[in-house]
Amino acid sequence: MSKLEEAMEEVLAIFKQKSTGSRAMMKKDLKRTLRAELDNWLQNCKDKTKRDNILRELDENPHDCVNFDEFVYYVTRLMMCGHYFFQK
């Protein structure tokens, strides 16, 4: 497998490990997972306001669960927020 395929498999594995039988992840588990798995990215984010807004969106999401699409959405936004390549 290529490195990108391995990375995609790992993202899927993390979601499957934390999700319920209905292919959804509890919002509280998502927030805990993002903080645990992306700690360095979150700490190195230069735009702390943007990072905090993304995490706050999780609290404002009216659903108790997030599906895989939402999971990837938050992971991607935090990845862009925390990597120097995307920072001004």
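Residues 4-43 are 78% helix and 5% strand, and their end C-alpha atoms sit 24 Å apart. Helices (H or I, at least four residues) and strands (E, at least two) are DSSP runs, numbered from the N terminus. According to UniProt, in an unreviewed entry, this stretch carries the annotation "domain: S100/CaBP-9k-type calcium binding subdomain". UniProt positions follow the numbering used here, feature names are shortened, and annotations may be inferred rather than shown by experiment.

Please keep in mind that this is a predicted model, where local features need pLDDT of at least 70, side-chain atom pairs count only at pLDDT 80 or more, and totals for chains, interfaces and linings use all residues. Residues are numbered from 1 along each chain as its sequence is written, and side-chain values use heavy atoms, with hydrogens and water left out.

**The whole chain**

- The protein chain holds five helices and two strands, and reading along the sequence gives the pattern α-β-α-α-α-β-α.
- The chain is as compact as a globular protein of its length, because its radius of gyration is 13 Å, close to the 12 Å that the globule rule gives for 88 residues. This radius is taken over C-alpha atoms, and the rule is 2.2 Å times the number of residues to the power 0.38.
- Along its principal axes, the C-alpha trace spans about 40 × 40 × 20 Å.
- Contact means heavy atoms within 4.5 Å. Of the contacts with a separation of 6 or more, 64% come from residues 24 or more positions apart.

**Surface and charge**

- Of the 88 residues, 31% count as buried. Buried means under 20% relative accessible area, exposed over 50%, and partly exposed in between (1.4 Å probe, protein chains only).
- The chain exposes about 6400 Å², with carbon and sulfur atoms supplying 53% of it. Accessible areas come from the Shrake-Rupley method with a 1.4 Å probe; for residues, only the protein chains shown count as cover.
- There are 16 positive and 15 negative side chains, and the centres of the two sets lie 5 Å apart. Lys and Arg count as positive and Asp and Glu as negative, while His and the chain ends are not counted. Each charge is placed at NZ of Lys, CZ of Arg, CG of Asp or CD of Glu.

**Helix α2 and its neighbours**

- Helix α2 (residues 27-37) has Lys27, Asp29, Leu30, Lys31, Thr33 and Leu34 buried.
- These buried residues pack against α1 (3-18), β1 (25-26), α3 (39-44), α4 (48-60), β2 (65-66) and α5 (68-82).
- Lys18, in helix α1, is partly exposed, with a relative accessible area of 33%.
- Leaving aside neighbours within four places in sequence, Lys18 is in contact with Met25, Asp29 and Thr33. The C-alpha atoms of Lys18 and Thr33 are 8.1 Å apart, though 15 residues separate them along the chain.

**Around Leu42, Arg51 and Lys48**

- Leu42 belongs to helix α3 and counts as buried at 5% relative accessibility.
- Beyond its neighbours within four places in sequence, Leu42 is in contact with Leu34, Arg35, Lys48, Arg51 and Leu78. Leu42 and Leu78 are 36 residues apart along the chain, with their C-alpha atoms separated by 7.4 Å.
- Arg51, found in helix α4, is buried, with a relative accessible area of 14%. Not counting residues up to four places away in sequence, Arg51 touches Leu42, Cys45, Leu78 and Cys81.
- Lys48 also lies in helix α4, but counts as partly exposed at 34% relative accessibility. Lys48 is in contact with Leu42 and Gln43, leaving aside neighbours within four places in sequence.
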